[in-house]
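Here are my notes on the model you sent over, point by point. Have the structure open while you read, as I jump around the chain a bit.

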Amino acid sequence: TAIHSSLGTSLQAANNRINNAQGHKMTSNDTSFWQKIVDIFRRKKPPKGGRGPICLIVPQRLDDPISQTQGTEELWSLNPVFLWNLEGGEVNKIELLEKGHNEIFWSREVPIGETSLVYDGEPLEPGSSYEWQVIANVPFLMKSISAEFKVMESQKRLPITTKLELLKKDLEKQGADAEKIALEKASYLAQQELWSDVIGEIYKVKNPSATLNREKQKIQSSDYCSPTVTPTSVNPSE
């Protein structure tokens with residue numbers, strides 16, 4: 001499933017709006033930080049981008065808004081967060097495959113009512129590409145169309161990893177709690193336009209504050225999907 005040109009357009013507009021002030025460093029305390037994230041997900045996909053009632057949000061493949069060519073969403077994280085929306089049903093299971101392989105190497109049952117899940121298998125391989133899908137009851141059992149992403153190469157990951165570790169140590173010295181640290185890491189990742197990783201930091205916070213919960217609700221309530229294509233129905237025994 002591709003996040004089509006409307007994403008690139010809204011992302012660029014959000015970037016321009018926030019970065020117009022030269023030298024401005026976005027932090028999680030800025031309203032612009034949260035507005036930028038919501039802006040990215042608040043758009044309708046064109047008809048060809050619709051994927052029915054099951055909507056896989058991140059991680060996702062991105063389309064270039066200028067050339068219309070399909071790119072690949074890169075992640076820094078080796079244990080990403082999977083985030084989805086679903087109308088009128090429940091996701092039962094999430095499955096992960098290496099791109100080009102039919103074998104599911106990781107799957108988890110999804111607790112009732114959950115719309116996100118943290119990957120808890122062996123760390124993903126830098127430079128490798130993956131596909132994920134969910135099986136849901138909406139109300140009959142169906143499998144989503146898969147979404148593709150790639151873990152960035154080790155050489156590209158290293159400076160980001162170093163920066164995040166230094167940021168965490170500095171904040172710990174200042175007495176910051178886990179939520180504050182996660183949000184500041186998310187703001188740095190947002191500056192790198194690593195949106196799946198931003199979502200990952202936000203959704204990995206345990207016992208989030210009421211404020212953070214409200215912001216998360218804004219992200220998932222944003223108009224992400226157009227229900228135009230029906231996913232594939234599956235046999236319960238599959």
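1. Buried here means under 20% relative accessible area, exposed means over 50%, and partly exposed is in between (1.4 Å probe, protein chains only). With 9 of its 9 residues buried, H5 is largely enclosed by the rest of the structure. Helices (H or I, at least four residues) and strands (E, at least two) are DSSP runs numbered from the N terminus.

2. Some housekeeping before going on. Residues are numbered from 1 along each chain as its sequence is written, and side-chain values use heavy atoms, with hydrogens and water left out. As the model is a prediction, local features need pLDDT of at least 70 and side-chain atom pairs count only at pLDDT 80 or more, while totals for chains, interfaces and linings use all residues.

3. What does H5 pack against? One partner is helix H4 (residues 178-191): the axes of H4 and H5 (residues 195-203) come within 8 Å and cross at roughly 175°. Axes are lines fitted to C-alpha atoms, for helices over the stretch in contact, and angles run from 0 to 180 degrees between N-to-C directions.

4. On the H4 side, the contact is made by Ala182, Leu183, Lys185, Ala186, Leu189 and Ala190; on the H5 side, by Trp195, Asp197, Val198, Glu201 and Ile202. Contact means heavy atoms within 4.5 Å. By class, that gives 8 nonpolar, no polar and 3 charged residues. For the classes, Ala, Val, Leu, Ile, Met, Phe, Trp, Tyr, Cys and Pro count as nonpolar, Asp, Glu, Lys and Arg as charged, and the others, Gly among them, as polar.

5. Now for the sheet. Three strands form an open sheet in the order S2-S5-S8, with antiparallel pairing. Strands S2 (54-58) and S8 (116-118) stand at the edges with a single partner strand each, so one side of each is left without a neighbour in the sheet. Direction ignored, neighbouring strands here are turned by 25° against each other on average. H5 packs on this sheet too, touching S2, S5 and S8, and its direction makes about 90° with that of S5.

6. Strand S5 (residues 81-86) pairs with S8 over 3 bridges and with S2 over 4 bridges. Two strands pair if DSSP finds at least two bridges between them. S5 is mostly covered, with 5 of its 6 residues buried.

7. Which residues have the most contacts inside the largest nonpolar core? They are Ile37, Ile160, Val198 and Ile202, in a core of 30 residues. A nonpolar core is a set of buried Ala, Val, Leu, Ile, Met, Phe, Trp, Tyr and Cys residues joined through side-chain atoms within 4.5 Å. Helix H2 (31-41), S2, S5, helix H3 (154-173), H4, H5 and helix H6 (210-221) each supply at least two of its residues, and H4 gives the most, with 7. Leaving out residues up to four places away in sequence, Ile160 touches Trp76, Met152, Tyr188, Leu189 and Leu194.

8. There is a second, separate core of 22 residues, which includes Tyr119, Tyr130, Val138 and Met142. Two of these, Tyr119 and Tyr130, are also among the contacts of Phe105, along with Leu96, Leu97, Glu98 and Leu124, neighbours within four places in sequence set aside. Phe105 lies in strand S7 (residues 104-109) and, at 37% relative accessibility, counts as partly exposed.

9. Last, strand S6 (residues 90-98). It runs antiparallel to strand S9 (residues 129-137), joined by 8 bridges, and antiparallel to S7, joined by 5 bridges. Lys93 stands opposite Ile135 in S9 and opposite Glu109 in S7. The hairpin of S6 and S7 has 5 residues between the strands, and there Gly100 takes a positive phi near 85°.
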